[in-house]
Amino acid sequence: MKYIMSGMLVSLAIFLAGCASTQESQQVNAEKPEAAVTRQFTGSTMTPDPVMQQVMALSQAGVLKDVRMTRSIPAQITATGPENVLACIATEGSRWLEEHQECEFMAEETCTQLGGEFSPCASSCRNDPDAMVCNLMCVQVCQF
């Protein structure tokens, strides 16, 4: 009888631990709804490589994980992170602005597929409320 009770208590403890870990992962997913994906893309042939610089900065900020790069020119890059960020930096000439959750120069079709709000002609000074002078230049922006 003593062994049966011990076995039941151990089984109950394992069951409750499993329930707690499942609930915790659901809470984490609810806080950050976009799932991480892994994507492979090519860097730029420019020196210094602006794609590689973005990847390294986003990796240091904790936005991208498991970043791997080849030593070839252009570099072959593999990274895990939010799909909208990876889609942005995978397109040469695009730039991800983490503090504003937006991608400059992303194609409208890609933006809408990823659930972003596309603006074909945003102000180049839109993120600088203290700008005294601003050039009259349109910037394609996808806001997430």
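Reader: With which residue does E104 form a salt bridge, the closest N and O atoms being 3.0 Å apart?
Author: The model is a predicted one. A salt bridge needs a side-chain nitrogen of Lys or Arg within 4 Å of a carboxyl oxygen of Asp or Glu. E104 meets this with closest N and O atoms 3.0 Å apart, and the partner is R95.

Reader: Is E104 buried or exposed?
Author: Buried means under 20% relative accessible area. The relative accessible area of E104 is 9%, so E104 is buried.

Reader: How does R95 count, at 43% relative accessibility?
Author: The class between buried, under 20%, and exposed, over 50%, is partly exposed. R95 has a relative accessibility of 43%, so the class for R95 is partly exposed.

Reader: Which side chain meets E102 in a salt bridge, and where in the chain is that partner?
Author: The N to O distance in this salt bridge is 2.8 Å, and the partner of E102 is R126. The pair links distant parts of the chain, 24 residues apart. E102 lies in strand β5 (residues 102-104), while R126 is in the loop between β6 (117-123) and β7 (138-143).

Reader: What are the relative accessible areas of E102 and R126?
Author: E102 is buried, with a relative accessible area of 1%. R126 is partly exposed, and its value is 24%.

Reader: Which element supplies the largest share of the largest nonpolar core?
Author: This core has 20 residues, and F41, L58, L64, I89, W96 and M106 touch the most other members. At least two residues each come from α2 (50-60), β3 (76-82) and α3 (83-90). The largest share is five residues, and the element supplying it is α3.

Reader: Which residues is F41 in contact with, leaving aside its neighbours within four places in sequence?
Author: F41 is one of the core residues that touch the most other members. With neighbours within four places in sequence left aside, its contacts are V51, V55, A75, Q76, I77, L86, I89 and A90.

Key. Residues numbered from 1 in each chain as written. Predicted model: local features only at pLDDT ≥ 70, side-chain atom pairs only at ≥ 80, totals over all residues. Heavy atoms only, no water. Core = buried A, V, L, I, M, F, W, Y, C linked by side-chain atoms within 4.5 Å. Buried < 20%, exposed > 50% of the residue type's maximum accessible area, 1.4 Å probe, protein only. Helix = DSSP H or I, 4+ residues; strand = E, 2+ residues; numbered from the N terminus. Contact = heavy atoms within 4.5 Å.
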